[in-house]
Each structure stands twice: as C-alpha cells, then as structure tokens.
Amino acid sequence: MILVAEYVSPGHPDRLCDAIVNNIVNYVVSKDKDALCGLECAVHTNKVFVDGRIAAGKNRRVINQDKIKEIVRQVYRDAHYGDRYTANGTSHDRCWHPYPEELEIILDVCIERLSDDERELRKYSDDQNIVNGYALNSPSSDYFPVEHYAAIRRGEALSKESHYHGPDFKVLVQIDKENGNLSWHRLTISAQHHRDEYYKQFFGYIKSCIDSILDRLFSGTPWNSLSKIDNSCFYLNGAGDFVQGGPEGDNGLSGKKLCVDFYGPSVPIGGGAIYGKDPHKIDVCGALRARELAVKLVKEHVFHSVFTTLAWSPGEKAPYIIEAYEIDEFGTKFKVDDSLLPARDFFSIECINNDLNLADRKITSIRDIK
C-alpha cells in the first residue's frame with residue numbers, strides 16, 4: 001500500500017492568495033469579533049486581485065483599501081519575495097520577484113459597517129454545508145495521517161531554509177506501508193531556483209537539508225524508518241530547471257489547495273475552503289469542531305481513527321446531522337453510538353466561537369486543533 005500526500009509552499013501562487021485573504025480576515029475579526037467576511041483573491045505576474053465583502057464595526061468601518069494593500073505586500077514579504085537569493089553558495093544582490101513594493105493591487109471589495117440586524121444573525125448559518133473531520137490515534141503525527149503529517153512538517157521546515165531555494169516549491173511524499181511497517185517509496189520536490197544555480201550543487205543543498213529535517217522529525221518516533229532516505233528515492237526538479245516560479249510562472253487562486261488544508265487525499269474533504277471567511281461561517285467553525293470531535297473520540301475511547309460529519313441548513317444555529325464513525329486498521333467503518341457524542345448545543349456557531357476563542361486565536365489551519 002502506498003500512502004501519498006503533498007505540501008505547497010507559502011510562495012506558491014495559490015498559497016499567496018490564501019494567505020492574503022486569511023490575513024485580511026484575521027485583521028478585521030480582531031477589530032470586530034462578529035465581522036462578516038467573504039473574500040477571494042487571484043494573482044498573476046505582479047498583479048493581485050482581491051474581491052468580496054467585509055462588513056464590520058458598529059460606528060465606523062474597521063479597515064480601508066490602504067490597509068488591505070499593506071497586508072497584501074506583507075504576505076509577499078513573509079513568503080520571501082524581495083529577499084536576496086543564493087546561487088552556488090554565493091549571496092547575490094538580486095532578489096526573488098515580484099517585489100512587494102512593485103505589486104499592482106486591484107481591489108473590488110465592498111467595505112461597510114455591520115448593521116445591528118445583520119450582527120444579530122451571525123449566530124445562524126448563512127449557508128448550507130457539510131463538513132468532515134478526521135483523527136488518527138497517533139499523537140506522534142498530531143492525530144493526522146502519517147503521510148500528511150510528513151509532507152506538511154517537512155515542507156514547513158524546508159520553508160525556513162529559504163536561502164537554498166526560491167519561494168515557490170512543492171513536496172510530494174510517497175510512503176510504502178506493509179504489515180504496519182513504513183519505508184520510503186519516493187520523495188519528490190519541485191523547488192524554484194535561479195538560472196545560474198548548478199543542478200549538482202543545488203541537489204546537494206536540498207538533499208542535505210532534507211536529511212536534517214527527516215532526522216529531526218522521525219528519529220526516536222514510531223516511524224524511525226523514515227528518518228533517512230536513499231538518493232534513489234529522492235527526486236528533485238524532475239522536469240528540469242524550475243527558474244520561472246511564483247506568480248510569474250503561474251496564476252493563483254484562493255481556495256484551491258483543500259487536500260493540503262485538511263487531511264490529505266486519503267480522507268474525504270467535505271465543506272469548502274477555510275481561507276477568506278470569518279469564523280462564524282460553517283466552512284470555518286464547523287470544520288474545526290468536526291476535527292475537534294474526532295480528536296476527542298480517539299483520545300477518550302482509544303479508537304484507531306474517527307471520521308466525523310456535521311451538516312447545517314441555512315438559518316440554523318446548530319447542525320441537523322451529527323455523526324461519527326470509528327474506522328479500524330483494516331478500513332472497516334462502525335457508527336459511533338450517539339450516547340458518546342456531545343449535546344447538539346455543543347455544535348452551535350456561538351458555542352464553537354466562544355469555546356475555541358476564534359476571534360482572538362486567529363486559527364489559520366485545521367492543524368491548530370490537536
């Protein structure tokens with residue numbers, strides 16, 4: 001059996017879009033916990049398009065176009081656009097671009113105050129939705145599938161080594177599982193670099209970095225066999241040079257990397273994108289509660305893994321479907337008895353926001369729930 005999962009870096013065009021709308025929402029919600037936000041973003045070359053609606057603030061609006069543009073440019077900086085690059089072991093004066101200061105930011109965002117009538121409706125679902133949660137009884141992988149955990153943690157660690165590569169890269173893990181034992185089938189990395197970087201030296205940089213990351217992640221864990229990888233299982237830039245990267249090599253849209261945002265390709269997604277939406281929307285608070293319920297059940301009842309489903313209709317405070325299934329190591333599903341589930345009020349929009357303190361915590365990912 002081969003387990004597969006992927007990580008996409010913050011400098012990838014789709015991830016730039018997700019971070020832009022997410023950071024705008026976090027800023028607005030920090031000013032008004034009842035804020036209503038629905039935003040989308042697209043990027044290409046040096047252009048950034050943001051559209052949607054923000055309704056927040058009682059007496060005045062809490063954000064303006066200048067602040068949105070400031071947030072956009074900071075997202076590019078955080079993803080290392082504008083940083084100097086290293087090639088063949090030498091730091092260069094040139095920087096990764098597009099440069100944050102030179103972005104052309106085009107906004108079509110309705111910015112207004114949140115009326116008292118609309119504020120009162122925030123406790124009710126404004127859309128229909130089905131959200132799924134999942135947890136594997138594996139504290140060592142933060143209760144996520146091991147392949148998903150491996151891809152995400154390795155990618156996050158590689159992001160911190162930005163002097164070795166450009167902002168845009170992907171990690172794809174393929175792990176063999178046989179009789180409970182794990183081994184590397186293939187680790188694929190596509191990493192942006194400058195045209196004056198020699199492949200042999202670039203391979204050495206990235207492979208050395210990966211070896212260090214694997215050792216830190218897996219040595220002393222139940223998956224110690226993954227702490228090392230042979231060169232024969234390591235693939236870097238298989239299609240050749242990856243010079244034209246980021247939004248200059250591809251366009252990007254928010255809400256496209258759902259498998260990466262949730263549990264990897266082995267678990268049905270349900271729901272929709274988390275980014276660009278305020279925490280009163282079911283896509284966000286419902287998905288977080290579904291994950292929390294799954295983690296709670298595997299911890300309390302020692303299930304192998306748990307899959308949960310919550311479903312809302314428009315105008316409801318709490319879901320009309322609340323289900324959980326135990327999944328054993330052979331993949332067989334068993335419905336969890338309703339007596340083991342919390343009361344319906346536990347799943348209300350207000351209860352979720354208050355319990356998880358979503359206005360202040362600024363949860364950015366389903367991985368924040370452990």
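Author: Let us begin with a term: two strands pair if DSSP finds at least two bridges between them. Helices (H or I, at least four residues) and strands (E, at least two) are DSSP runs, numbered from the N terminus. This is a predicted model, in which local features need pLDDT of at least 70 and side-chain atom pairs count only at pLDDT 80 or more, while totals for chains, interfaces and linings use all residues. Residues are numbered from 1 along each chain as its sequence is written, and side-chain values use heavy atoms, with hydrogens and water left out.

Reader: OK, how many bridges join β2 to β11?
Author: There are 2 bridges between β2 and β11, and these strands run antiparallel. Within that pairing, V43 is opposite G252 of β11.

Reader: And what is the order of the strands in that open sheet?
Author: The 4 strands follow the order β6-β3-β2-β11, with mixed pairing. β6 (104–112) and β11 (252–253) are at the edges with a single partner strand each, so one side of each has no neighbour in the sheet.

Reader: In which sense do β3 and β6 pair?
Author: β3 (residues 47–55) pairs with β6 in the parallel sense, over 9 bridges. D51 has D108 in β6 as its bridge partner. Helix α1 (residues 13–31) packs on the sheet and touches β2 (36–44), β3 and β11. Contact here means heavy atoms within 4.5 Å.

Reader: What about β2 and β3, which way do they run?
Author: β2 and β3 run antiparallel, joined by 9 bridges. Their hairpin has 2 residues between the strands, and T45 takes a positive phi near 50° there.

Reader: New topic: why is H193 called buried?
Author: H193 has a relative accessible area of 6%, and buried means under 20% relative accessible area, exposed over 50%, partly exposed in between (1.4 Å probe, protein chains only). H193 lies in the loop between β9 (181–191) and α5 (199–218). Beyond its neighbours within four places in sequence, H193 contacts W96, F202, N237, D241, F242 and V243.

Reader: Which residues touch the most other members of the largest nonpolar core?
Author: They are Y263, L288, L297, V306, L310 and L341, in a core of 40 residues. A nonpolar core is a set of buried Ala, Val, Leu, Ile, Met, Phe, Trp, Tyr and Cys residues joined through side-chain atoms within 4.5 Å.

Reader: Which helix gives the most to this core?
Author: That is α7, with 11 residues. Apart from this core lies another, of 36 residues, including W184 and C233.

Methods
Axes are lines fitted to C-alpha atoms, for helices over the stretch in contact, and angles run from 0 to 180 degrees between N-to-C directions.
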